[in-house]
Amino acid sequence: MILGIGSDLCRVSRIADTLEKHGERFVTRCFAPDERAALEKRGADTRIAGYAKRWAAKEACAKALGLGIRDDIVLRDIIVTNDEAGKPHLTLAGGAAKRLADITPAGMTAKLDISLSDEDGLALAFVVISAQ
């Protein structure tokens, strides 16, 4: 059963400009420590594209949760990591995790699926939340 679908498209240059203008304040406010640690190991171009993809993923996930970024759902609580093969995964904490629990029917388990892509200065994320 599909509980929510969300997508987001983000200009990589927008995130580059925000990183340049707000730096650590932006990164700390919007990204979890695990995300920051993984991205800071990368070269500048792939690091910025990685932040842009994760930004898009956070927005897409918030849309799939049905509320967007408001109330108790904050960007830092939507965490994007990659497994050893590079496949992206979503983990929710705080208000985002509470919202997921609230929309998951009793007796079912929520599943988060995500697809990320970047091309020609754009970052794209697509999120599907389902219950099994």
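Tutor: With a cut-off. A residue counts as buried under 20% relative accessible area and as exposed over 50%. Keep in mind that this is a predicted model.

Student: Is Arg-29 buried or exposed?

Tutor: Arg-29 has 60% relative accessibility, so it counts as exposed. Arg-29 sits in helix H1.

Student: How far apart are Arg-29 and Arg-76 in sequence and in space?

Tutor: In sequence, 47 residues separate Arg-29 and Arg-76. In space, their C-alpha atoms are 6.5 Å apart.

Student: Now the rings. What describes an aromatic pair?

Tutor: Two values do: the distance of the ring centres and the angle of the planes. This structure has three aromatic pairs. One of them joins Phe-26 and Phe-31, edge-to-face, with 5.7 Å from centre to centre and 80° between the planes. Phe-26 and Phe-31 are both buried.

Student: Why is the pair of Phe-26 and Trp-55 called tilted?

Tutor: The planes of Phe-26 and Trp-55 stand at 40°, with the ring centres 5.7 Å apart, so this pair is tilted. Phe-26 belongs to helix H1 (residues 12-30) and Trp-55 to helix H3 (residues 44-64), so the pair ties together parts 29 residues apart in sequence. Trp-55 is buried, as is Phe-26.

Student: Which residues do the ring pairs link into a cluster?

Tutor: The cluster consists of Phe-26, Phe-31, Tyr-51 and Trp-55.

Student: Next, a helix. Which residues of H2 are buried?

Tutor: In H2 (residues 33-40), Glu-35, Arg-36 and Leu-39 are buried. They span an arc of only 95° around the axis, which puts them on the same side of H2. The face turned away from that buried side carries Pro-33 and Asp-34, which are exposed.

Student: What covers the buried residues of H2?

Tutor: The cover includes H1, H3 and strand E2 (78-82).

Student: Last topic: pockets. How is empty space found?

Tutor: A probe the size of a water molecule is rolled over the atoms, and this shows where empty space is left. Here the largest pocket holds about 150 Å³ of space.

Student: Which residues line the largest pocket?

Tutor: Its lining is made up of Arg-29, Cys-30, Trp-55, Ile-69, Val-74, Leu-75 and Arg-76. By class, the lining has five nonpolar, two charged and no polar residues.

Technical notes
Residues are numbered from 1 along each chain as its sequence is written. This is a predicted model: local features need pLDDT of at least 70, side-chain atom pairs count only at pLDDT 80 or more; totals for chains, interfaces and linings use all residues. Side-chain values use heavy atoms; hydrogens and water are left out. Rings of Phe, Tyr and Trp (its six-membered ring) pair if their centres lie within 6.5 Å; planes under 30 degrees apart count as stacked, over 60 as edge-to-face and the rest as tilted. Buried means under 20% relative accessible area, exposed over 50%, partly exposed in between (1.4 Å probe, protein chains only). Helices (H or I, at least four residues) and strands (E, at least two) are DSSP runs, numbered from the N terminus. The arc is that of the directions from the helix axis to the C-beta atoms. Contact means heavy atoms within 4.5 Å. On a 1 Å grid over the protein atoms alone, a cavity is a set of points where a 1.4 Å probe fits but cannot get out, and a pocket is an open set with protein on both sides within 12 Å along at least five of seven lines; lining residues have an atom within 4 Å of a point. Grid points are joined across faces, edges and corners, and a volume is the space filled by probe spheres set on the points. Ala, Val, Leu, Ile, Met, Phe, Trp, Tyr, Cys and Pro count as nonpolar, Asp, Glu, Lys and Arg as charged, and the others, Gly among them, as polar.
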